[in-house]
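Me: Hi! I'd like to talk through a structure with you, one bit at a time. Could you have a look with me?

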Amino acid sequence: MAIIEVKNLSKTYGEGSTKVTALNSVNLVIEKGQFVTVMGPSGCGKSTLLHLIGGLDKPSDGVVLIDNKDISKMNDNDLTELRRRKMGFVFQFYNLIPVLTAEENAALPLVLDGVKMNVAGARAAEWLERNQMGDRLTHRPDQLSGGQQQRVAIARAMVSEPLIILADEPTGNLDSRASDEIATLLHQAVSEWGRTVLMVTHDPRIAAYADRIVFLKDGRVVDDVLLEGEKAENTRLLKEKVDRL
Amino acid sequence: MSVRYTLLGLLAQQSRYGYELRAAFISLAGGEEAWEVKPAQIYTTLNRMLESGLVDKSTPEDTSSDEKGVYSITASGQKELAQWLDEGSLDDPQQDAFFLKLMLSLELPDVDPTRLIQTQRSALYQELHRITTVRTKLDPHTELARILLMDKATMHLEADLRWLDIIEARLEEVKSQPVPHPEMRPRGRPTKN
């Protein structure tokens with residue numbers, strides 16, 4: 001079942017001679033429960049794609065369907081609600097609020113959605129526990145390492161039980177050991193907790209944790225590779241069939 | 001050659017039977033899938049080392065079998081081992097099948113080098129994914145040596161992938177350059193002027 005569907009998606013910035021095409025009629029279908037990485041050289045449009053799928057930016061052309069709903073036609077209120085309930089975001093620089101504790105940071109999406117603080121805090125603590133941060137609930141971001149801050153950010157992304165986790169260079173600011181831990185956690189979000197993860201990275205080692213890699217170049221999809229043994233075999237057979245037709 | 005010296009090293013630790021040596025080598029090298037070595041190879045290597053006096057063999061009296069016998073290291077074996085341990089070790093990463101395919105693709109009209117790069121990248125990522133999956137299942141408290149070996153494989157694959165990115169980015173430039181050809185010497189008798 002497709003959870004993200006992107007059809008003829010384009011994004012241009014500027015006008016006339018300064019016009020830049022960031023995405024050029026991209027088509028992409030992501031199944032529920034997939035861990036997908038988007039890769040490509042700088043400026044290939046990978047972050048733009050993530051932002052359009054996350055409703056953080058409006059497309060110039062084409063549609064984005066999240067769980068079969070066209071988000072390009074949504075008004076700001078509906079879009080905010082969708083982002084808060086169906087999507088979790090993980091960023092390169094964690095984007096935690098410095099004056100709040102780990103638990104308060106992780107609880108934030110629920111609090112903003114009107115859930116009482118004691119209920120929200122308990123659910124945040126559960127997710128922090130699952131992310132091996134159970135003993136640091138009252139720490140503030142400046143008392144945590146980069147890897148630990150990213151764990152809090154992932155707990156915050158998971159707390160509203162979203163369908164989709166969008167991660168933009170989640171290991172871009174971490175050393176290789178912390179990077180592996182974060183990649184393992186994102187993999188767990190798919191394999192154990194049944195989420196769909198879409199991650200942008202330029203690190204091949206981190207990309208290899210995913211089930212599938214989509215390569216972008218100059219705003220277009222140039223290659224699409226399945227990595228899981230069984231799934232990869234199915235796709236290869238499908239590709240052969242299509243080639244023969 | 002590494003097998004030979006590693007066997008010497010294992011004998012420096014303690015004298016052993018041939019089959020014990022093979023088992024010890026395999027676990028040291030990170031398992032059978034990391035380094036496959038047949039019993040015949042072990043015994044051929046041991047026999048050569050016997051001939052050159054690097055090892056000794058004592059055969060128990062109750063058996064006539066050629067394979068039964070305890071091997072031990074000699075003084076000249078110790079010396080050879082120390083020398084090998086003292087040298088740096090460089091593998092040869094230059095013999096690359098993909099590189100030959102790429103060079104051929106520049107020559108052959110029906111082969112698209114871009115497609116070749118994509119296929120290679122896909123194969124490298126499949127392998128990287130496979131190793132990552134195996135590696136995350138290993139226990140760092142008991143299988144650290146294998147984890148380190150897999151880290152090495154991971155980093156080599158990473159380097160290969162980055163190299164592909166460089167090739168892809170500079171492919172047009174490469175295409176516009178002449179493909180290296182050997183200088184052909186004229187055959188036969190030189191023509192008279």
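Me: Thanks! In which loop of chain A does Asn95(A) lie?

Reply: Asn95(A) is in the loop between β6 and α3 of chain A. Helices (H or I, at least four residues) and strands (E, at least two) are DSSP runs, numbered from the N terminus. Before we go on, this is a predicted model, where local features need pLDDT of at least 70, side-chain atom pairs count only at pLDDT 80 or more, and totals for chains, interfaces and linings use all residues. Residues are numbered from 1 along each chain as its sequence is written, and chains are lettered from A and ligands numbered from 1 in the order in which they are written.

Me: Good to know. What is the phi of Asn95(A)?

Reply: Asn95(A) has a positive phi of about 50 degrees, although it is not a glycine. Most residues other than glycine have a negative phi.

Me: And how enclosed is Asn95(A): buried, exposed or partly exposed?

Reply: Asn95(A) is partly exposed, with 13 other C-beta atoms within 10 Å. For that term, a residue is buried if 20 or more other C-beta atoms lie within 10 Å of its own, exposed if 12 or fewer, and partly exposed in between, with C-beta atoms placed from the backbone.

Me: Now Glu161(A). What is its phi, and where is its place?

Reply: Glu161(A) also has a positive phi of about 50 degrees without being a glycine. Its place is in the loop between α5 and β7 of chain A. Glu161(A) is partly exposed, and 14 other C-beta atoms lie within 10 Å.

Me: Let's stay with α5(A). How many of its residues are buried?

Reply: In α5(A), 11 of the 13 residues are buried, so this helix is largely enclosed by the rest of the structure. Among the buried ones are Gln148(A), Arg151(A), Ile154(A), Arg156(A) and Met158(A).

Me: What do they pack against?

Reply: The buried residues of α5(A) pack against β6 (87-90), α3 (102-112), α4 (117-130), β7 (164-168) and α6 (176-191) of chain A. Contact here means that the C-beta atoms of two residues, placed from the backbone, lie within 7 Å.

Me: How does the span of α5(A) compare with what it should be?

Reply: It agrees: the 13 residues of α5(A) (146-158) should span 18 Å at 1.5 Å a residue, and the end C-alpha atoms are 18 Å apart. The expected span is 1.5 Å times one less than the number of residues.

Me: Next, Pro170(A). Where does it lie, and is it buried or exposed?

Reply: Pro170(A) sits in the loop between β7 and α6 of chain A. Pro170(A) is buried, with 29 other C-beta atoms within 10 Å.

Me: Which residues is Pro170(A) in contact with?

Reply: Leaving aside neighbours within four places in sequence, Pro170(A) is in contact with Val90(A), Gln92(A), Gln150(A), Ile182(A), Leu186(A) and Met199(A). Phe93(A) is 77 residues away along the chain, and its C-alpha atom is separated from that of Pro170(A) by 7.8 Å.

Me: Switching to chain B. At what angle do α1(B) and α2(B) cross?

Reply: The axes of α1(B) (residues 2-13) and α2(B) (residues 18-29) come within 10 Å and cross at roughly 110 degrees. That makes α1(B) roughly perpendicular to α2(B). Axes are lines fitted to C-alpha atoms, for helices over the stretch in contact, and angles run from 0 to 180 degrees between N-to-C directions. Angles under 35 degrees count as roughly parallel, over 145 as roughly antiparallel, 65 to 115 as roughly perpendicular and the rest as oblique.

Me: And what about α1(B) and α3(B)?

Reply: The axes of α1(B) and α3(B) (residues 39-51) also come within 10 Å, crossing at roughly 75 degrees. These two helices are therefore roughly perpendicular to each other. Val3(B), Arg4(B) and Leu7(B) of α1(B) make the contact with Gln41(B), Thr45(B), Leu46(B) and Met49(B) of α3(B).

Me: Last one: how many residues of chain A and chain B are in contact?

Reply: 10 residues of chain A are in contact with 11 residues of chain B. On the chain A side, α7 (204-207) and β10 (220-226) each supply at least two residues.
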